[in-house]
Amino acid sequence: MEENSAEEHHYYYPLPASAPKADSNLSDAEKGGTCAEENSLHNKPSTSQSNNPAINKYALGGAILASTNSILLGYDIGVMSGAALFIRQDLKITSVQVEILVGCLNVCSLIGSLASGKTSDLIGRRYTIMIAAATFMIGAILMGLAPSFLFLMVGRVVAGIGVGYSLMISPVYVAELSPALTRGLLTSLPEVFISVGILLGYVSNYTFSSLPNDINWRIMLGVAVFPAFAVALGVLAMPESPRWLVVKGRYEEAKQVLIRTSENKGEAELRLAEIQEAASASITGKDKGCSSSDSPNNSGTWHGQGVWKELLVTPTRPVFRILVAAIGVNFFMQASGNDAVIYYSPEVFKEAGIVNEKQLVGVTIIMGITKTCFVLISAMFMDRFGRRPMLMLGSCGMAMSLFLLGFGCTFLKLYGDTHDGLVIALCVVAVCATVSFFSIGLGPTTWVYSSEIFPLRLRAQGSSLAISVNRVVSGIVSMTFLSVSEAITFGGMFFVLGGVMVCATFFFYYFLPETKGKNLEEIEALFEDQTRPV
């Protein structure tokens, strides 16, 4: 019932005179494909209900190349969990300095997140990915050569800016390149690669931990140069986003990319026409935030001007709801404490009763393998079950796991002398369950959802705003996790995080409509006059 209601609010707009219409010189077979595809999109036929949509190899290749950028953040998260132990011993720094060292990358990534939207509107999605990789590579070199805490901080700041660029641009690029029916899987790949990066960080910790303390952490941090360099080179093989090309008036280039990412030429023609219709909305009165001279269709002269005004000063009702949904899901992703649990996993496992450093690093590898497996499972099933079910399953599971972990840590705190093996095992399982449920829900789905719900004219800068909130919350949690845990105990901290996940579940239920199987150009209509999303 509500799905039909959303469709009734789906408006179409005439193309500008400068935009070429869908090719009329099609063969009968291609015209038939176009007709069939149009019926598929507007009459809800069986294709949108397919449980096993084919994955376009060209779209998959582009998504993998773009998502590889996310390995850089994952590697930093994983490697810092172990490197921090050796940095603390070598540089003789306090626990507060460790928190600043770990959290500053997340806070400084705010710079990259805010800048990435405007940058990608100006120079394109593809070259913004190259900037992200190059910036992180410079940061990794500085960290690997750092002779002091201050020099190491400079490297973390530079790497953080690269991470901020990466977190915003990779999901947006993949969402804009992917066909609707496999967009959930392909846009989940950045989180898959973050998990792979975390696992590689854990393996790096284990591999180099036996080296002298003044060398091991520098190698751990410095080897990130190699994946960053590979990503920067990989950009050369990637196509540009077809939606960005349309905004720039480069219709023929956009058409060629769409032909390669569609099942047939007829589908590509229809997708191109829909993208042009969405981009032309600015000059038909819907986009009140910019004048016709600022229109995305003004043959390449539009560079994102007027977007911040439309997002923050004069948002329409649907845009306001989209902004709330995007900021909300990014807030809860980091307020869950998942990044902090991973960054400080050795400290968490110490609290759970494991004291040997080699064992600590070994257990983190098990956690990394578990996390990677579950994010792969989530990516494969997201287009079948949808975004909302995965989010609510993940947040409910995290709440229960965090409450269980809080109970276990509290028990060990009160009866620590007993070193009950069963309770220690329970805590380890609870930590693994927490990161696993995160990987089912908030981990991949946040990137998918926040990159697909914004209209084309707002997507880059709207996503950058949402990711900026993500980075700020991540930085605050990472920089206060140890201090707060010392004040209220680890058990108390996990009880608080469990309560946050309960709130997240209600938020997802009431504020996030389902976007599964929808074209990007259809999604804004879902945020029209609805009382409750379904």
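These are my notebook entries on a predicted model of one protein chain.

**Entry 1: the whole chain**

I began with the secondary structure and counted 22 helices and zero strands in the protein chain. I then looked up burial: of the 534 residues, 60% count as buried.

**Entry 2: helices H5 and H6**

Next I took one pair of helices. Two packed helices are described by the angle between their axes and the distance between the axes. For H5 (residues 95–123) and H6 (residues 125–144), I have an angle of about 130 degrees and axes 7 Å apart. That makes H5 oblique to H6.

Which residues meet there? On the H5 side I listed Ser116, Thr119, Ser120, Asp121 and Ile123. On the H6 side I listed Arg125, Tyr127, Thr128 and Ile131. Sorted by class, this contact has three nonpolar, four polar and two charged residues.

**Entry 3: methionine 143**

I stayed with helix H6 and picked methionine 143, which has its place there.

**Entry 4: salt bridges**

Side chains of opposite charge can pair when their charged atoms come close. How many salt bridges does the structure hold? I found 11.

I started with glutamate 452 and arginine 183, whose closest N and O atoms are 2.6 Å apart in a salt bridge. This pair links distant parts of the chain, with glutamate 452 in helix H21 (residues 442–452) and arginine 183 in helix H8 (residues 183–208), 269 residues apart. I noted both glutamate 452 and arginine 183 as buried.

Arginine 387 came next. Its side chain meets that of aspartate 383 in a salt bridge, at 3.3 Å from N to O. Both arginine 387 and aspartate 383 are buried. Arginine 387 also forms a salt bridge with glutamate 452, where the closest N and O atoms are 3.1 Å apart. Arginine 387 lies in helix H19 (residues 387–414) and glutamate 452 in helix H21, so this pair ties together parts that are 65 residues apart in sequence. Arginine 387 and glutamate 452 are both buried. I recorded one network as well: salt bridges that share partners join Asp121, Arg125, Glu176 and Arg459. Asp121 and Arg125 were already on my list for the meeting of H5 and H6.

Most residues other than glycine have a negative phi. I looked up two residues with a positive value.

For lysine 92, phi is near 55 degrees. Lysine 92 lies in the loop between helix H4 (71–91) and H5. With a relative accessible area of 65%, lysine 92 is exposed.

For threonine 489, phi is near 75 degrees. Where is threonine 489 placed? I found threonine 489 in helix H22 (residues 456–511). With a relative accessible area of 30%, threonine 489 is partly exposed.

Terms used. Residues numbered from 1 in each chain as written. Predicted model: local features only at pLDDT ≥ 70, side-chain atom pairs only at ≥ 80, totals over all residues. Heavy atoms only, no water. Axes fitted to C-alpha atoms, helices over the stretch in contact; angles between N-to-C directions. Helix = DSSP H or I, 4+ residues; strand = E, 2+ residues; numbered from the N terminus. Parallel < 35°, antiparallel > 145°, perpendicular 65-115°, else oblique. Contact = heavy atoms within 4.5 Å. Nonpolar A, V, L, I, M, F, W, Y, C, P; charged D, E, K, R; others polar. Buried < 20%, exposed > 50% of the residue type's maximum accessible area, 1.4 Å probe, protein only. Salt bridge = Lys/Arg side-chain N within 4 Å of Asp/Glu carboxyl O.
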